[in-house]
Amino acid sequence: MPEIAPERVSTREAFTEALPELAVRHNVLVVDTDTGSIKPTPEMDYVNVGIAENAAIGFAAGAEHYGRRALVCTFAAFSVSRAFEFIKLNVAYPRRRVCVVGTHGGASGGWLGPTHHATEDLALMNALPNMRVVVPADARQAVSLLEQCLEYDGPTYLRLGRKASPVFTGLPEPELGVPQEVRAGRDIALVATGPEVLATALEVAEGLEAAGYGAQVINVHTVDPESAGAVARAVAAGCRWLVTLEEAWTSGGMGAQVAAAAGARGIPWLPIGVSGFLPPDSHDSLLEASGLTSGPVLRQVLEFVTDPVTQPVTQPVTDPVTHPVTNP
């Protein structure tokens with residue numbers, strides 16, 4: 001089982017360090033929007049269009065139309081909201097090989113405030129056809145998934161944090177679209193995405209074990225509808241409760257995709273994520289205020305699994321040919 005390492009490393013910083021070599025190796029046009037997240041080298045094909053996200057998306061899409069693979073680096077809040085129409089029409093619909101990198105994802109903008117918080121990005125990107133939506137679990141996964149996005153034959157959205165975040169030892173190498181079971185358990189499935197949230201899920205699993213529940217933890221680094229079926233299949237066969245955790249609005253986000261895919265199993269579902277307005281504050285304080293730290297999550301899960309309303313119901317056999325309908 002992966003463990004939380006003592007050091008913390010930003011997924012954005014890992015991207016910054018890895019991009020120059022990967023961009024040259026994969027012949028990628030890099031389009032920046034004055035983010036400060038890219039260190040261009042003479043070998044890179046690089047252009048900075050300034051704070052003009054719409055233009056950046058259109059420029060990259062046009063270059064891809066003429067045979068170039070492209071990457072656009074923006075703040076997540078600006079790419080998914082300000083440039084959403086351009087991503088929809090110029091990148092997603094025609095299935096362009098463009099990787100949109102959104103930094104400051106979730107509440108990681110911290111003191112920059114609500115203009116820079118991006119909690120709607122997963123829902124918006126998940127609504128687009130052909131789009132793969134990627135949230136690395138830590139800095140190491142960020143580098144691997146960045147390269148996989150650059151190799152992918154279609155559009156991708158790579159969400160990165162702002163400052164240092166948890167790193168996990170023993171975390172498997174990620175494969176785009178394939179969820180990772182990082183802790184076995186049969187009673188409760190904790191499905192998590194992103195560094196801080198995965199760390200919370202692992203801590204909550206320990207608390208649930210102490211309370212007598214076996215908790216499975218699944219790292220979902222690819223959170224789009226195309227991947228949701230794989231996540232649903234990864235949930236343990238005997239699972240009695242499904243809990244999804246994300247640093248995003250729960251409406252339309254990762255949890256909504258997974259719950260829809262697993263709906264036929266009839267597992268009671270608890271979505272945990274960000275709701276409402278996020279003021280300027282530290283990232284840690286915003287996570288705590290949103291109920292995404294281990295203490296509040298553990299309390300919510302224990303209340304959920306002990307609520308009479310959420311007790312799993314044994315499904316009757318309904319095949320009229322081979323079995324009569326039986327009452328449990």
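**Close-up 1. C73, a buried cysteine in a predicted model.** In this predicted model, C73 has a relative accessible area of 0%, so this cysteine counts as buried. A pair would need its sulfur atoms within 2.5 Å to count. Widening the search to the whole structure gives the count of zero disulfides.

**Close-up 2. C239, another buried cysteine.** Here the relative accessibility is 9%, and C239 therefore counts as buried. The cut-off behind that call is under 20% relative accessible area.

**Close-up 3. Strand 10, covered on both faces.** Take a look at residues 188-192, which make up strand 10: five of its five residues are buried. On one side you will find I188, L190 and A192, and on the other A189 and V191, with both faces covered.

**Close-up 4. Strand 10 beside strand 11.** Strand 11 spans residues 215-219 and pairs with strand 10 in the parallel sense, over five bridges. For a handy landmark, follow A192 to its bridge partner in strand 11, N219.

**Close-up 5. Strand 10 beside strand 12.** Strand 10 also pairs with strand 12, residues 241-249; this pairing is parallel and runs over five bridges.

Conventions
Residues numbered from 1 in each chain as written. Predicted model: local features only at pLDDT ≥ 70, side-chain atom pairs only at ≥ 80, totals over all residues. Heavy atoms only, no water. Buried < 20%, exposed > 50% of the residue type's maximum accessible area, 1.4 Å probe, protein only. Helix = DSSP H or I, 4+ residues; strand = E, 2+ residues; numbered from the N terminus. Pairing = 2+ DSSP bridges.
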